[in-house]
Amino acid sequence: MTSKVPAGFEDLLRRPIVGVLATVTPHGSPDQTPMRFTWDGAHLRMSHTIPRRKFTSLQANPNYSFLITDPDAPSRVLEAQGWLVTVEGDERGSFYSMLNEWYGETENGLPADVDDRVVLLLDATRFIAK
């Protein structure tokens, strides 16, 4: 079940803004990480790698919160909440490269950890405009 994005906040999901992904570690500690993302109208997609803490946290507890702050108006904030739906492989780094292009990164080539790259598919079940 996907929630509706509050009116007037849709642009925050369609612009290349870095948001903060919050999860809970397997030990119960909160963990926040800046993340680049795309939005397809129902899911957030993010690039990550299998060995990192964020990936293991989402495997242990798939619930998340993702906070996006408008860089042009910092008091305008959108929070998405939901859970990890699935993980897709990105061994060739296609999604990673697409994110680089979308966010205007000039970095050429793939990262050294491309063999461990995955795409996190996160269902957004609730939005809160702040």
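Q: Quick one before we start: how are the helices and strands numbered here?
A: From the N terminus. Helices (H or I, at least four residues) and strands (E, at least two) are DSSP runs. Keep in mind that this is a predicted model.

Q: Okay, where is the place of Asp70?
A: Asp70 sits in the loop that runs between E5 and E6.

Q: Is Asp70 buried or exposed?
A: Buried: the cut-off is under 20% relative accessible area, and Asp70 comes in at 4%.

Q: Which side chain makes a polar contact with the one of Asp70?
A: That's Arg15, and the polar contact between the two side chains is 3.3 Å. If you skip neighbours within four places in sequence, Asp70 is in contact with Leu12, Arg15 and Arg76.

Q: Let's go to the sheet. What order do the seven strands have?
A: The order is E2-E1-E5-E6-E7-E4-E3, in an open sheet with antiparallel pairing.

Q: Which strands stand at the edges?
A: E2 and E3 do. Each has a single partner strand, so one side of each is left without a neighbour in the sheet.

Q: How do strands of a sheet pair, anyway?
A: Through backbone hydrogen bonds, and the pairing is either parallel or antiparallel.

Q: How many bridges are there between E1 and E2?
A: Six, and the two strands pair in the antiparallel sense. One spot to look at is Leu21, which stands opposite Thr33 in E2. E1 and E2 form a hairpin with five residues between them, and Gly28 in that turn has a positive phi of about 95 degrees.

Q: And E1 with E5, how many bridges there?
A: Three, again antiparallel. Val20 has Leu67 of E5 opposite.

Q: What about E5 and E6, how many bridges join them?
A: Seven, and those strands run antiparallel. Asn63, for instance, has Trp83 in E6 as its bridge partner.

Q: Last pair: how many bridges for E4 and E7?
A: Seven bridges, in the antiparallel sense. Leu44 has Leu122 as its bridge partner in E7.

Q: Now the inside. How many residues are in the largest nonpolar core?
A: It has 28 residues, and those with the most contacts inside it are Leu13, Leu44, Met46, Tyr64 and Phe66. H1 (11-14), E4 (43-49), H2 (53-60), E5 (63-69), E6 (77-89), H3 (94-102) and E7 (117-129) each supply at least two residues of this core.

Q: Which of them gives the most to this core?
A: E7, with six residues.

Q: Switching to H2: which residues of H2 are buried?
A: Lys54, Phe55, Ser57 and Leu58. They cover an arc of only 160 degrees around the axis, so they are on the same side of H2. On the other side of H2, Arg53 and Ala60 are exposed.

Q: What covers the buried residues of H2?
A: The cover includes E1 (19-24), E2 (30-35), E4, E5, E6 and E7.

Q: How many aromatic pairs are there?
A: Two. In one of them, Phe37 and Phe66 are edge-to-face, at 5.0 Å centre to centre and with 80 degrees between the planes. Phe37 is in the loop between E2 and E3 (38-39) and Phe66 is in E5, so the pair ties together parts that are 29 residues apart in sequence. Both Phe37 and Phe66 are buried.

Q: And how far apart are the ring centres of Trp39 and Phe127?
A: They are 5.6 Å apart, with the planes at 85 degrees, so that pair is edge-to-face. Trp39 is in E3 and Phe127 in E7, 88 residues apart.

Q: Does Trp39 count as buried or exposed?
A: Trp39 counts as buried, at 11% relative accessibility. Phe127 counts as buried too, at 9%.

Conventions:
Residues numbered from 1 in each chain as written. Predicted model: local features only at pLDDT ≥ 70, side-chain atom pairs only at ≥ 80, totals over all residues. Heavy atoms only, no water. Core = buried A, V, L, I, M, F, W, Y, C linked by side-chain atoms within 4.5 Å. Buried < 20%, exposed > 50% of the residue type's maximum accessible area, 1.4 Å probe, protein only. Arc of directions from axis to C-beta. Contact = heavy atoms within 4.5 Å. Pairing = 2+ DSSP bridges. Polar contact = N/O pair within 3.5 Å; in protein donor to acceptor, adjacent residues only side chain to side chain. Phe/Tyr/Trp six-rings, centres within 6.5 Å; stacked < 30°, edge-to-face > 60°.
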